[in-house]
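This report goes through selected features of one structure. The sequence and model come first, followed by the text.

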Amino acid sequence: MSERLEVLKTYKLYVGGKFPRSESGRVYAVTDSKGRTLANAPRGSRKDARDAVVAARKAFPGWSGATAYNRGQILYRIAEMLEGRREQFATEVAEAEGISRTKALASVDAAVDRWVWYAGWTDKLAQVAGGANPVAGPFANWSTPEPTGVVAVIASQRSSLLGLTSAVAPVIATGNTAVVLAAGASALPALSFAEVLAVSDLPGGVINILTGHPAEIAPTLASHQDVNAIDLTGVAPDAGVASARDLEIAAADNLKRVLRPEAKEPDWSADPGTGRMLAFTEIRTVWHPTGH
Amino acid sequence: MGNPFEYAPAPESRAIVDIAPAYGLFIDGKFTDAADGGRLKTVDPATEEVLAEIAVGGEADVDRAVKAARRAFKSWSALPGAERAKYLFRIARLIQEHGRELAVLESIDNGKPIRESRDVDIPLVAAHFFHYAGWADKLAHAGFGRDPKPIGVAGQVIPWNFPLLMLAWKVAPALAGGNTVVLKPAETTPLTALRFAEICVEAGLPDGVLNIVTGAGETGRALIAHPDVDKVAFTGSTAVGKEIARTIAGTRKRVTLELGGKAANIVYDDAAIDSAVDGIVEGIFFNGGQVCCAGSRLLVQESVAEELLASLTRRIKTLRVGDPLDKNTDVGAINSAAQLSRIRELVAAGEAEGAERWSLAGELPGKGFWFPPTVFTGVTQAHRIARDEIFGPVLTVQTFRTPAEAVEKANNSAYGLSAGVWTEKGAKALWTAQRLRAGVVWTNTFNKFDPASPFGGFKESGFGREGGRHGLEAYLDV
């Protein structure tokens with residue numbers, strides 16, 4: 001029986017619902033934990049990052065204006081689409097992270113369940129984090145959590161699919177749009193995950209995924225004037241990125257909301273709570289007189 | 001030349017539903033006959049055609065169902081919330097997939113227009129399961145303590161006006177909270193509940209978590225009185241609600257009751273009259289007025305009463321009464337002969353007590369149970385039609401002069417389920433809403449429902465809420 005030659009995938013960025021190559025024309029070799037080349041990934045440029053922000057901004061009115069129920073349906077659809085590809089992702093995650101297939105499968109399953117968890121939050125956070133305020137006067141007064149806007153996410157460079165999901169799902173659940181930088185071990189699973197997003201009824205531009213060198217792209221996102229918040233989770237001290245402090249200083253220029261990285265890689269299997277959603281919401285309070 | 005706006009019939013096909021000649025009780029994951037072989041017939045209220053024979057559960061059957069629910073409770077309540085959530089999400093998705101079939105079946109068994117079952121009832125059913133699915137693993141965030149526990153076995157009795165929607169309102173939060181369920185659907189509308197049982201099997205829901213015991217009043221009484229039922233949930237008449245409250249007195253049973261209503265729909269002189277007219281029509285003729293929160297008492301400010309009533313009459317004349325499966329139908333059949341005679345009795349009392357009746361003219365189908373959209377003017381607060389819940393397409397009209405008088409008249413009722421306010425002034429709408437003793441107040445809209453929004457009554461409209469975070473409380477040991 002003759003060996004069949006495998007068809008290899010060309011990895012591309014995910015911006016505005018499309019799969020472009022980097023405008024710079026560059027790629028870089030992504031290696032596994034033993035230094036073997038897995039595939040080439042596009043090496044995103046600063047211009048790619050700016051394009052992704054434009055796409056995310058364009059998607060914001062529609063996504064934040066969608067009903068919470070509708071967003072929940074779409075997040076659940078992402079879980080459904082991911083569940084159907086769990087074997088594929090188990091292979092990719094095992095290769096990328098250098099872990100056993102069993103562990104990789106558990107991590108993929110946890111990622112599916114996390115999408116389900118956040119699917120359920122879309123129409124509940126306002127009842128948990130908002131409410132009616134009994135002010136001392138003839139007014140109706142109530143507060144609701146509203147999305148912050150465009151959120152840049154420097155995703156974990158170690159936990160590829162689960163880390164990425166855990167960071168980006170809470171961002172979009174509340175109506176934000178995201179520009180994700182996936183580097184290190186996360187690059188290839190993240191770009192494959194874009195294929196899941198592309199068939200999940202998620203409007204183009206709500207999640208945009210870039211790969212490349214964090215040292216090149218992260219400062220662009222941190223200083224971008226049309227980015228409203230930044231999640232620095234993937235900026236580990238040894239991750240070869242400009243320091244989290246430098247990025248936080250750059251982010252201060254337009255007072256981005258900053259989610260700082262933890263001292264060490266978070267335990268992604270732990271109960272995620274509501275913290276990551278609340279980090280990227282603004283409380284809006286409405287006053288309305290009562291009387292006749 | 002005939003009316004150029006006349007519609008051609010546009011019936012929805014019945015081919016999508018498959019009604020068996022007879023149905024058993026759904027206990028412990030299987031359909032079984034009633035112990036004493038009792039049966040009753042469910043009919044299509046639009047044709048009086050017998051649709052199927054339904055088992056009538058007796059005390060022994062109820063006991064079997066409660067025992068199955070008790071057995072299932074141990075493992076169901078111990079399941080991680082995220083796993084319970086996934087079962088409920090599956091159910092939500094299967095309801096969406098079978099949505100058209102369920103809508104047609106609901107319209108056939110209940111008599112409501114397909115436009116409503118297709119666009120309101122069934123989408124809300126799916127949404128309700130979707131919403132509470134998401135709560136199953138978030139109970140610690142609901143504000144009822146860090147580790148809220150389920151109550152146990154829930155005995156639930158639901159009415160015939162929104163058969164599958166009322167099932168969803170009861171079953172979804174119960175299962176999300178980790179409780180198991182024995183549910184009794186109404187005797188005139190059991191078919192979608194039985195189809196729902198099959199959907200639960202398709203979803204792989206563990207045996208005994210959901211049990212459905214069909215039957216009439218006696219079956220419901222047996223369920224509520226069963227000593228191993230921890231939680232009672234009922235939607236229906238205030239009279240039966242009071243009977244239930246007496247039955248469970250002195251026990252440890254928890255109870256929520258969603259009962260009758262006599263909602264005031266207040267129209268101020270600064271309202272957008274055309275919008276208000278649409279809202280009044282939606283309020284009283286949605287589901288033929290067989291709605292506990294129906295806007296059955298129109299309170300209109302005297303200065304615009306004449307204009308509003310002329311416009312309302314004109315609008316009602318465009319309503320189409322008839323075949324529930326016709327996509328153009330606005331008002332379908334009355335659910336049963338018994339309900340129709342109750343409506344007739346109250347309407348006759350309205351005429352006898354001196355109110356002035358106007359009904360939509362036109363021929364009603366020869367067979368089935370029908371009542372034309374009807375408006376009473378010259379109504380006083382003392383008239384029975386202004387006090388008693390009619391549960392049919394009958395509107396009473398009263399006038400008022402000041403906002404204080406509107407609030408006074410609106411609250412002058414034993415009920416307090418819902419109310420409507422129509423004004424273009426936001427401050428006045430909120431001022432009024434804050435003074436209405438009602439569980440749901442719609443301003444410049446009416447009869448809106450959402451799984452995230454709590455629903456339930458003040459006063460003799462019952463207690464407990466269904467929907468949203470607040471709806472979880474009824475199914476948690478808090």
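The buried residues of α2(B) are covered by elements that include α2 (68–83) and α4 (101–121) of chain A, along with α3 (99–110), α4 (114–135), α5 (163–176) and α6 (191–202) of chain B. This is a predicted model, in which local features need pLDDT of at least 70, side-chain atom pairs count only at pLDDT 80 or more, and totals for chains, interfaces and linings use all residues. Residues are numbered from 1 along each chain as its sequence is written, while chains are lettered from A and ligands numbered from 1 in the order in which they are written.

Helices (H or I, at least four residues) and strands (E, at least two) are DSSP runs numbered from the N terminus. Among the buried residues of α2(B) are B:Tyr87, B:Leu88 and B:Phe89; buried means that 20 or more other C-beta atoms, placed from the backbone, lie within 10 Å of the residue's own.

Chain B has two domains, with bounds from an automatic or database domain assignment.

| Domain of chain B | Residues |
|---|---|
| domain 1 | 22–259 + 461–475 |
| domain 2 | 264–443 |

Their C-alpha centres are 30 Å apart. Domain 1 of chain B brings 19 residues to the contact and domain 2 of chain B brings 25, where contact means C-beta atoms, placed from the backbone, within 7 Å. On the domain 1 side, α3 and α4 of chain B each supply at least two residues.

In chain A, 5 strands form an open parallel sheet, ordered β7-β6-β5-β8-β9; strands pair if DSSP finds at least two bridges between them. Its edge strands are β7 (207–210) and β9 (257–259). Strands β5 (residues 150–154) and β8 (residues 229–231) of chain A are joined by 3 bridges, and A:Ala152 stands opposite A:Ile230.

Terms used. Buried ≥ 20, exposed ≤ 12 C-beta atoms within 10 Å, placed from the backbone. Contact = placed C-beta atoms within 7 Å.
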